[in-house]
Amino acid sequence: MTEQINYNNPFVIIFLTGTILSFAVKLILKVLNWQNRKKYGNTIPEEIQGNPSSACLNKEKIENITKYENQKFYFSLPSSFLNLVLTIILVCTGFYPWLFQKIVVLTGFPNGFMQTYLCALLFFILSSVPESILSIPLDLLFEFKIEKKFGFSKMTFKLWLTDFIKNTILSLVMTSILLGAAIAVLNWMPNTWWILLTCILFAFTLIIQVLYPMVIAPMFNKFTPLEDGELKTRITNLMTNLGFKSDGIFVMDASKRSGHSNAYFGGLGKSKRIVLYDTLISQLTTDELEAVLGHELGHYKLKHIIKKFLVMVPVEFILMFVLYKIAQNPSIYIGFGFPFAGYKIQAVQFIGLFLSALVAGSLQEFLNPIVNYFSRKDEYQADAFSAKLTKNPDALISGLIKLNCENLSDLNPAKSYAFWNYSHPTLKERIIALNKLK
């Protein structure tokens, strides 16, 4: 039998308070954004009106943007509430310690590395099942109801199911590998595992960065080299001028799944490549595509990715040390109803990590404004870099307007909502900054 949840436990208090406050903050900001859209949803900002590309923002398009954003808002209300209720129920009913006890009986934990590994693997997999059961119908509803309604989704149920199976298998494989390494470190370095585990996580991230464009992404999409022509010549010249070496420029068949458009750099070293969605190529002119790629090259040239990595290294070590100290504290196990008695603390530290992540995750929402603030600064710099590189800020402005138009993105989000949630400046803010460069 599992012990009762202790609601006076500081870790339980932090978890419940953080979870409920995070939900409340997200809900309030969404409502404020919805009210703002009711007032200004049909208004085109002055900075956009004067641009020739704003012709795409006709009355029908503006109405579609408002409807699409409203539909996403209405959908988020019950889905967010259901996720909140599920999260609290799983903790307060003692589901996790109950599951742990059942797996202990099944695996013979803790009689060796393999038993501990199998116990941890089954616990992490099975503990995610309730959330998956809830997310599957919600994902289907969003994909085949909302995205289909507004012409974005090109999915068939067969393709959706195939993607789901592939994603599930990939997740299981990566979880099994990473968890095996983690359990080994926890067992063999019980007092200093936080150092090596952080290094393993960084190494794993870098390996995935290398493998993703060559192995993982081709499992879902077809990538074909960009055909010779003006666009390829211009992009190649940009790359040459900046000393950017890559595995090539590829077009991804994104249109078989969605009408949304994008471009990105993927990989590291020899696996590094530029990827353009076929939807993006069909929506923008050569000048606009060059400007959008100039923006992405700006992130590379300005070393934004390296700077973020250098910031994250000490942060991750500090965070892992904090998790290590929490996992050493019997209070967190007792608070969440785990039967601490009878087990050495070293043997159950993977449960401590799970519970620590549960508590930390409840507070993650309150880091969004800080992370997004610095992300927006990088986006402004990349915009400025593109404008100077191509000597054509108007091309980037018109390209951004078209992308906003084609993706039915909110033209007038509430300032509070954008400040808290947007990793990119709003379209209006980006145009104002680019116009100053002229």
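## Basis

The structure is a predicted model, and every value quoted here was computed from its atoms.

Across the whole structure, a search returns 11 salt bridges. In one of them the side chains of Arg257 and Asp163 come together with an N to O distance of 2.7 Å, and this pair links distant parts of the chain, since the two residues are 94 residues apart. Arg257 sits in the loop between strand E2 (249-252) and strand E3 (263-266), whereas Asp163 belongs to helix H7 (residues 157-188).

Because buried means under 20% relative accessible area, Arg257 at 12% relative accessibility counts as buried. Asp163, with a relative accessible area of 8%, is likewise buried.

## Salt bridges with exposed and partly exposed partners

Glu230 forms a salt bridge with Arg234, with the closest N and O atoms 2.7 Å apart; both residues lie in helix H9 (residues 230-242), separated by 4 residues, or about one turn of the helix. Salt bridges that share partners also join Glu230, Arg234, Asp287 and Glu290 into one network.

Another salt bridge pairs Lys232 with Asp228, and here the closest N and O atoms are 3.2 Å apart. Lys232 is partly exposed, with a relative accessible area of 25%, while Asp228 is exposed, with a value of 69%.

## The nonpolar core

The largest nonpolar core contains 100 residues, and the members that touch the most other members are Phe100, Trp193 and Phe336. When residues up to four places away in sequence are not counted, the contacts of Trp193 are Val185, Leu186, Met320, Leu323, Tyr324, Ala327, Gln328, Gln349 and Leu353.

## A nonpolar patch on the surface

On the surface, a nonpolar patch with about 900 Å² of accessible area together is formed by Leu206, Ile207, Val210, Leu211, Met214, Val215, Met219, Leu268, Ile306, Phe309 and Leu310. Helix H8 (193-216) and helix H12 (304-327) each contribute at least two residues to the nonpolar patch, and the largest share, 6 residues, comes from H8.

Leu310, one of the patch residues, is found in helix H12. With exposed defined as over 50% relative accessible area, Leu310 counts as exposed because its relative accessibility is 56%.

Methods. Residues are numbered from 1 along each chain as its sequence is written. This is a predicted model: local features need pLDDT of at least 70, side-chain atom pairs count only at pLDDT 80 or more; totals for chains, interfaces and linings use all residues. Side-chain values use heavy atoms; hydrogens and water are left out. A salt bridge is a side-chain nitrogen of Lys or Arg within 4 Å of a carboxyl oxygen of Asp or Glu. Buried means under 20% relative accessible area, exposed over 50%, partly exposed in between (1.4 Å probe, protein chains only). A nonpolar core is a set of buried Ala, Val, Leu, Ile, Met, Phe, Trp, Tyr and Cys residues joined through side-chain atoms within 4.5 Å. Contact means heavy atoms within 4.5 Å. Patches are made of residues with over 30% relative accessible area and no salt bridge: like charges are joined within 9 Å, nonpolar side chains (Val, Leu, Ile, Met, Phe, Trp, Tyr) within 5 Å. Accessible areas come from the Shrake-Rupley method with a 1.4 Å probe; for residues, only the protein chains shown count as cover.
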